[in-house]
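Here are my notes on the model, point by point. Please keep the structure open while reading.

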Number of protein chains: 2
Amino acid sequence: MTYQDASFAALGDPTRRQILLLLRDGPAPVGTIAGRFPVSRPAISQHLKVLKDAQLVVVRPAGTRRLYELDPRGLAALRAFFEQFWNEALLAFKAEVERPTRARRRRTP
Amino acid sequence: MTYQDASFAALGDPTRRQILLLLRDGPAPVGTIAGRFPVSRPAISQHLKVLKDAQLVVVRPAGTRRLYELDPRGLAALRAFFEQFWNEALLAFKAEVERPTRARRRRTP
DNA sequence: CGTCTTGGTAAGTCATGGCTTACGGTAAGT
DNA sequence: ACTTACCGTAAGCCATGACTTACCAAGACG
C-alpha cells in the first residue's frame with residue numbers, strides 16, 4: 001500500500017480527521033488528544049498509529065510523554081494530488097462544454 | 001452525515017478513487033466503467049451510488065444507459081477544504097519555528 | 001410485441017476496522 | 001527503590017462495508 005492510499009484511508013475516519021484539525025494548533029500529547037474525544041485513550045493511540053503510518057503525523061518523545069504533530073510530507077502530497085486532479089478535471093469540463101455544438105438548439109426548431 | 005464526511009468516506013476506497021480518475025476523461029456508462037475493474041457490475045453500481053451520494057459524480061440517463069461524470073460541486077468542496085487546512089497548517093509550522101528561541105544553542109555551551 | 005441490452009436493487013457472505021478492557025514498559029518524582 | 005503518570009500493544013467483540021448471485025424494470029430494436 002502506497003503512502004497515498006494510506007493517507008486517503010486514514011482520512012476516511014471522522015475521528016482521525018478531527019485529530020488532524022486539532023493538531024493544527026500545535027503538538028499535543030496522547031492524553032490531551034484523547035481528552036477531547038468520547039473514546040478511550042487506546043483507541044486514540046490506534047488512530048495515531050494509522051495517521052503516523054500514513055505520514056500525516058510525526059511523534060516526538062518528551063520525557064514520559066509523546067508529542068504528536070502534523071507531518072508536512074503527507075499533507076503536501078495530498079494537497080498536490082488534489083491540486084492536480086482538480087486541474088485535470090477542470091480541463092475535462094471545459095472540453096465537455098466547448099465540444100462542437102452538438103444539437104444545441106435555442107427555442108424549439 | 002455531511003456531504004464532506006460522505007466525500008472523505010467515499011475517497012477511502014481505492015476502487016472509488018480509480019473510478020474518479022477514470023472519469024477525468026469524460027462521462028462513461030456503468031458497463032464501460034465496470035469493464036475496467038476486476039469486480040462485478042453490481043459492485044460498480046454500488047460504488048457509483050456512494051460517489052453520487054457524496055456529490056462527487058452525477059448521472060445523466062441516455063437511452064437505456066446512464067452516463068456518469070464528475071461533479072464539480074463535491075470536488076470543489078474537497079479542494080477548498082484541503083486548501084484551507086494546508087494554509088492553516090503552514091501557519092502553525094511557521095509559528096512553531098519562529099517561536100521565541102527557546103534553548104536554541106549553537107555548539108555546546 | 002417479443003427480445004436483448006443496460007443497469008439498479010435485494011439478500012446473503014465474509015473480511016475489515018474501530019472500539020473496549022487488560023496488560024506491560026519506561027520515565028519522573030518522592 | 002517504590003510509586004505514579006503516560007502510553008503502546010494484545011485480544012476479543014461487533015458493526016460496517018465490499019463483494020457475490022439472483023432478480024427485476026425500462027429503453028432500443030427486430
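1. Read every distance below as computed from the predicted coordinates.

2. Symmetry. Chain B superposes on chain A by a rotation of 180°, with 0.0 Å of shift along the axis and an RMSD of 0.0 Å. The two copies are therefore related as by a two-fold rotation axis. Within chain B, Gly12(B) has the C-alpha nearest the axis, 2.5 Å from it. Both copies use the same surface: 100% of the contact residues of chain B recur in chain A.

3. Elements facing DNA strand C. Both chains take part. Chain A brings α2 (14-23) and α4 (41-53), each with at least two residues of the surface near the strand. Chain B does likewise with α3 (30-35), α4 (41-53) and β3 (65-70).

4. Make-up of that surface. There are 21 residues around DNA strand C. By class, 7 are nonpolar, 9 polar and 5 charged. Those that come nearest are Ser40(A), His47(A), Gly31(B), Ser45(B) and Arg66(B).

5. Phosphate contacts. Check two side chains here. Ser40(A) places a polar side-chain atom 2.6 Å from a phosphate oxygen of DNA strand C.

6. Base contact. Which atom of DNA strand C lies 3.0 Å from a polar side-chain atom of Gln46(A)? It is a base oxygen.

Notes:
Residues are numbered from 1 along each chain as its sequence is written. Chains are lettered from A and ligands numbered from 1 in the order in which they are written. This is a predicted model: local features need pLDDT of at least 70, side-chain atom pairs count only at pLDDT 80 or more; totals for chains, interfaces and linings use all residues. Side-chain values use heavy atoms; hydrogens and water are left out. A residue is near a molecule or strand if one of its heavy atoms lies within 4 Å of it. A polar contact is a pair of N or O atoms within 3.5 Å; within protein, one must be able to donate a hydrogen and the other to accept it, and residues adjacent in sequence count only if both atoms are side-chain atoms. Helices (H or I, at least four residues) and strands (E, at least two) are DSSP runs, numbered from the N terminus. Ala, Val, Leu, Ile, Met, Phe, Trp, Tyr, Cys and Pro count as nonpolar, Asp, Glu, Lys and Arg as charged, and the others, Gly among them, as polar. Copies are superposed by least squares on the C-alpha atoms of residues with pLDDT of at least 70 in both. Contact means heavy atoms within 4.5 Å.
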